[in-house]
Amino acid sequence: MALPSPSAVQVPWRNLSSEELEKQYSPSRWVIRMKPEEVVGNFVQIGSQATQKARATRRNQLDVPYGDGVGEKMDIYFPDEDSQGEMGGAGGVPWRQPGVRLTSAPCRVTAFPLFLFLHGGYWQSGSKDESAFMVNPLTAQGIAVVVVAYDIAPKGTLDQMVDQVTHSVVFLQRRYPSNKGVYLCGHSAGAHLAAMVLLASWTKHGVTPNLQGFLLVSGIYDLEPLISTSQNDPLHMTLEDAQRNSPQRQLEVAPARPVAPACPVLVLVGQHDSPEFHRQSKEFCETLCRVGWKASFQQLRGVDHFDIIENLTREDDVLTQIILKTIFQKL
């Protein structure tokens, strides 16, 4: 059953023409540093190069299955041997699963922070194979980085994607029970999926992950505005689908209790994201605060929907520093 729709006063997007709504939810049209048609290709190229470098220079395990589905894989990048923590399986035993490619044998495990990244692409494009932007700067500081794949549309539905990313968190908590905190970060559609993890019922999974922070970057938290846009063509999202998978709407009608009262949720947006992305981020942050989460909103100056993530290849990047500060303040 569909949830009651808020009034037009509360949802200004209802007053937009179909053309303006399409523009608001087309991030490349708000980029000022290059032509819109060049933006996505440039983003993929930078991500692919960063991933190739990470795989060549960092100890890793690629295509680790976290579920039974063909698309349920993750890449795990281990910290430098001389940084905080050493890698291995649960209980300190080095592990390797059948069919998993291993680059350099992992050492015995102590404890380390886990940074999970969920890529964007409007739930219909993107890949873990082009999303390891932040691996080198974070692993150099003793953080294990996990880039998670999920079944994008049209193969996967929103409900399936939410289930998959939730299961990936459960899998890692079971695999590394002595971790120093799980930090979940998502970009764009990935930020939406990370936000949906806030609503997870961990009781049914039999494990409560050691979630210590969320970083939601340029995300969408109310999916209803997308129904009439071209972004919905491969998703075939109905109103009920959108409302069921909108963390903004779900928190309004059935507030989820914070996993841990001190678990911070950082809601971030680029200066050159569209006004609708800004509105969604601000309103979601306000809702989180209202229902008891420790949430904060921040606009990052000088960046757009794409280079806010592209710049994570640099240790001196503002968002990289925010990530490091978030993790190490909790340790």
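**Helix packing, pockets and backbone features**

The crossing of helix 4 and helix 5 is right-handed, and it is described here from a predicted model. Helix 4 also gives the most to the lining of the second largest pocket, with four residues, while the largest pocket holds about 390 Å³ of space. Beyond these, the structure contains one cavity of 30 Å³ or more, and two backbone features, at Pro154 and at Trp123, are set out at the end.

**Helix 4 against helix 5**

- The axes of helix 4 (residues 158–175) and helix 5 (residues 189–197) come within 9 Å of each other and cross at roughly 65°, which makes helix 4 roughly perpendicular to helix 5, since angles from 65 to 115 degrees are counted in that class.
- On the side of helix 4 the contact is made by Leu158, Met161, Val162, Val165 and Thr166, and these meet His192, Leu193, Met196 and Val197 in helix 5.
- Sorted by class, this contact between helix 4 and helix 5 comprises seven nonpolar and two polar residues, with no charged residues.

**The largest pocket**

- The largest pocket has about 390 Å³ of space, and of the 23 residues that line it, Val40, Gly120, Gly121, Ser125 and Phe306 are the closest to its centre.
- Helix 2 (residues 36–57) gives the most to the lining of the largest pocket, contributing three residues.
- The lining of the largest pocket divides by class into 14 polar, eight nonpolar and one charged residue.

**The second largest pocket**

- The second largest pocket has about 270 Å³ of space, and its lining comprises 14 residues, of which Val162, Asp163, Leu199, Ala200 and Lys204 are the closest to the centre.
- By class, the lining of the second largest pocket divides into five nonpolar, five polar and four charged residues.

**The cavity**

- The structure holds one cavity of 30 Å³ or more, and the volume of the largest cavity is about 30 Å³.
- The residues that line the largest cavity are Tyr221, Asp222, Gln248, Arg279, Gln280 and Glu283, and the largest share of this lining, three residues, comes from helix 8 (residues 275–290).
- In terms of class, three charged, two polar and one nonpolar residue make up the lining of the largest cavity.

**Backbone features**

- Most residues other than glycine have a negative phi, and most peptide bonds are trans.
- The peptide bond from Ala153 to Pro154 is cis, with omega near 10°, and Pro154 is placed in the loop between strand 5 (144–148) and helix 4.
- Trp123, a residue other than glycine, has a positive phi, near 60°, and Trp123 lies in the loop between strand 4 (114–118) and helix 3 (135–139).

Conventions
Residues numbered from 1 in each chain as written. Predicted model: local features only at pLDDT ≥ 70, side-chain atom pairs only at ≥ 80, totals over all residues. Heavy atoms only, no water. 1 Å grid on protein atoms, 1.4 Å probe; cavity = no way out; pocket = protein on both sides within 12 Å on 5 of 7 lines; lining within 4 Å. Points joined across faces, edges and corners; volume = space filled by probe spheres on them. Helix = DSSP H or I, 4+ residues; strand = E, 2+ residues; numbered from the N terminus. Nonpolar A, V, L, I, M, F, W, Y, C, P; charged D, E, K, R; others polar. Axes fitted to C-alpha atoms, helices over the stretch in contact; angles between N-to-C directions. Parallel < 35°, antiparallel > 145°, perpendicular 65-115°, else oblique. Left-handed = near helix turned anticlockwise from the far one by under 90°. Contact = heavy atoms within 4.5 Å.
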